[in-house]
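Here are a few notes from my read-through, meant to be checked with the model open. I kept to the packing inside the fold and the ring pairs.

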Amino acid sequence: MDSEAVLDLFRRSGALLEGHFKLTSGLHSDRYLQSALVLQYPDLAEQLGAALAGRTRHLQPTAVLSPALGGIVIGQEVARALQVRALFAERQEGALTLRRGFTLSDADRVLVVEDVLTTGGSTRETAAIAHTYGAQVVGAAVIVDRGSDPARLNLPLQALVQLQVPTYQPDSCPLCARGLAVVKPGSRA
Ligand SMILES: [Zn+2]
């Protein structure tokens, strides 16, 4: 699946909106991404998972580890395609941790899977959890890479799409300057 095909799935499911948006950060942007809207369709989630599995199978992972909540659905689908375990880490008192009896060992080769990568902070934190169990982290896989620094993970990274979306302060937003109405995505108005 090439990046245009992936973006097409996002557009058709309403997961990639184009217009004039106010983000939760308060910044404005001409695009808005909500990967949960494409992943709500199990057949599309399965296709995206199979595409990421195809790009990471050579790493010979024995487990997929994803940060909750955003990584869970795609992590499950990548693991299904690779026929390995799917684990997720969740926040407890601010720190990502393995709960529910999930465990890893020094025999595990872990692939960290997320929906969207931006700064890489949660991916690095997820990899660090695997290391505390003695597991080897063999790489990271994401549907959309929104960042621009390939060295930020210190891990082999596979992304189906590179999507760098510019953001603007409201007082210097070119869309505001053109008088376009701004939309807050996710609101019901
Ligand atoms: Zn604006």
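Is Phe-21 buried or exposed?

1. Phe-21 is buried: its relative accessible area comes out at 5%, and the cut-off for buried is under 20%. Do keep in mind that we're looking at a predicted model.

2. Phe-21 also has a ring partner, Tyr-32, in a tilted aromatic pair with 6.1 Å centre to centre and 45° between the planes. The two sit 11 residues apart, Phe-21 in strand 1 (residues 16-22) and Tyr-32 in strand 2 (residues 28-33).

3. The structure has two aromatic pairs. Phe-88 belongs to strand 4 (residues 85-92), while Phe-102 is in the loop between strand 5 (95-98) and strand 6, 14 residues apart. Phe-88 is buried at 18% relative accessible area, whereas Phe-102 is partly exposed at 24%.

4. On to the largest nonpolar core, which has 33 residues; Phe-10, Leu-48, Val-78 and Ile-143 touch the most other members. Elements giving two or more residues to this core include helix 1 (3-12), helix 4 (72-82) and strand 7 (136-145). Helix 3 supplies the largest share, six residues.

5. Leu-48 is worth a click. Setting aside neighbours within four places in sequence, Leu-48 is in contact with Met-1, Val-6, Leu-9, Val-38, Leu-39, Ile-74, Ile-143 and Leu-160.

Definitions and conventions: Residues numbered from 1 in each chain as written. Predicted model: local features only at pLDDT ≥ 70, side-chain atom pairs only at ≥ 80, totals over all residues. Heavy atoms only, no water. Core = buried A, V, L, I, M, F, W, Y, C linked by side-chain atoms within 4.5 Å. Buried < 20%, exposed > 50% of the residue type's maximum accessible area, 1.4 Å probe, protein only. Helix = DSSP H or I, 4+ residues; strand = E, 2+ residues; numbered from the N terminus. Contact = heavy atoms within 4.5 Å. Phe/Tyr/Trp six-rings, centres within 6.5 Å; stacked < 30°, edge-to-face > 60°.
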